[in-house]
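Welcome! Please take a look at the sequence and the 3D structure below, and then walk through a few of the details with me.

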Amino acid sequence: AFGRQEVIGKKQLKPYMARKDGPGLVFFFGHMAALGLTGFGVHLALGSWWIVPAIFLHGFVMAFLFAPVHECSHGTVFRTRWLNEAVYWVVCLIYLVPPTFFRYAHATHHTYTQVRGWDPDMMPERMNLWHYIKLTLGIPFWTRNFLWFVMHPFGRIHPDQRYYLPEGEIPKAVREARIILLLYGGVAIISLYLGTWALLLYWIIPRLVGEPFMRWLRFAEHGECDEGPDLRHNTRTTSAPPWLHFLFWNMSYHAEHHLCPMVPFHALPKLHSEIGGQLHPVGEGYFSVHHDLLGKITRHQGVTWKEPVSVAE
């Protein structure tokens, strides 16, 4: 990936890269408070039909935990390293992703953004409506995660995923997967012993029903952006209301994040005000972006129907 030097120099970028503990703590505890509030809503709705919207709302807020998972994987949320890693583990356990494996997969996405055959998060070639529905429902996401959780504890890494995990990190990933499997297994056994449905009602079901919200939002990040390694054109920033910026930890400023991934999330709005005009045209809103995406998908048009750009180009 390239393009940062054409937009902002190192000296100009340096002030934005300062790490702080304060903003991360505010966003983390604010997010946990929102999650606790929606969880309490599920409790109040037990025994009534209000349980359905309550679980969907709880799942909606839980799905946004992808944001701190993503930010902590970069190691930029906190100035204090152990604090970053502790929060990373907490949110990964709730969000159901293995920390080390996700970190390397996401680093590969940044290294080869929108380069077909190398970027693990690429949209399918010749994108159609079924692809759109399947991706929005999170089917590929859950399939990949299921493989992680059933294969890694036994030292097996899927061949399609092995290229982005360094050989020396495999023992760490396997050990981590075993610890996570023991933790999840222990929680499940305790729940069965106590005869409680709390695990399903407050975590598993909301986690499953909430993921499509996150998949839908993430479509806008690279959907119908140029295929190729130029960071000025292969990623989209999307306008969003303040409440979404908070729950999403400013991830809507995605073009700025890809251009300068070591800039902490709290500095992205300010960075956007300086360089946003030089990047991919800002999406007017998520509904507007998806309206455009669906139009191109149903007409079999857009970048996924063009010849991909190779790494050499």
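Leu-137 sits in helix α8. With a relative accessibility of 47%, Leu-137 counts as partly exposed, because that class covers values between 20% and 50%. Keep in mind as you read that this is a predicted model.

- Leu-137 belongs to a nonpolar surface patch of about 460 Å², together with Leu-129, Trp-130, Ile-133 and Ile-139.

**Helix α6 and its buried face**

- Helix α6 runs over residues 81-95, so you can follow 15 residues along it. From its first C-alpha to its last, α6 reaches 21 Å, close to the 21 Å expected at 1.5 Å a residue.
- Which residues of α6 are buried? They are Leu-83, Asn-84, Val-87, Tyr-88, Val-91, Cys-92 and Tyr-95.
- If you look down the axis of α6, these buried residues fall within an arc of 155°, so they line one face of the helix.
- Just after α6 comes Leu-96, which takes a positive phi of about 70°.

**Salt bridges between helices**

- The structure holds 10 salt bridges.
- One of them joins Glu-85 and Arg-103, whose closest N and O atoms are 3.0 Å apart.
- Glu-85 lies in helix α6 and Arg-103 in helix α7 (residues 99-111), so this pair ties together parts that are 18 residues apart in sequence.
- Glu-85 and Arg-103 are also linked with Arg-81 in a network of salt bridges.

- Glu-211 and Arg-215 meet through their side chains in a salt bridge, at 2.6 Å from N to O.
- Both residues lie in helix α12 (residues 198-222), and because they are 4 residues apart there, about one helical turn separates them.
- Are these two partners buried or exposed? Glu-211 is buried, with a relative accessible area of 0%, and Arg-215 is buried too, at 13%.
- Arg-218 and Glu-221 form another salt bridge between their side chains, at 3.2 Å from N to O.
- These two are 3 residues apart in α12, so about one helical turn lies between them.
- Arg-218 has a relative accessible area of 14% and is buried, while Glu-221 counts as buried at 3%.

**Aromatic rings**

- How many aromatic pairs are there? The count comes to 23.
- Trp-243 has a relative accessibility of 47%, so it counts as partly exposed.
- Elsewhere, ring pairs join Phe-101, Tyr-112, Trp-118, Trp-148, Tyr-163 and Tyr-164 into a cluster.

How values were computed: Residues numbered from 1 in each chain as written. Predicted model: local features only at pLDDT ≥ 70, side-chain atom pairs only at ≥ 80, totals over all residues. Heavy atoms only, no water. Expected span 1.5 Å × (residues − 1). Buried < 20%, exposed > 50% of the residue type's maximum accessible area, 1.4 Å probe, protein only. Arc of directions from axis to C-beta. Patch = residues over 30% accessible without salt bridge, like charges linked within 9 Å, V, L, I, M, F, W, Y side chains within 5 Å. Areas by Shrake-Rupley, 256 points an atom, 1.4 Å probe, with all protein chains shown as cover. Salt bridge = Lys/Arg side-chain N within 4 Å of Asp/Glu carboxyl O. Phe/Tyr/Trp six-rings, centres within 6.5 Å; stacked < 30°, edge-to-face > 60°.
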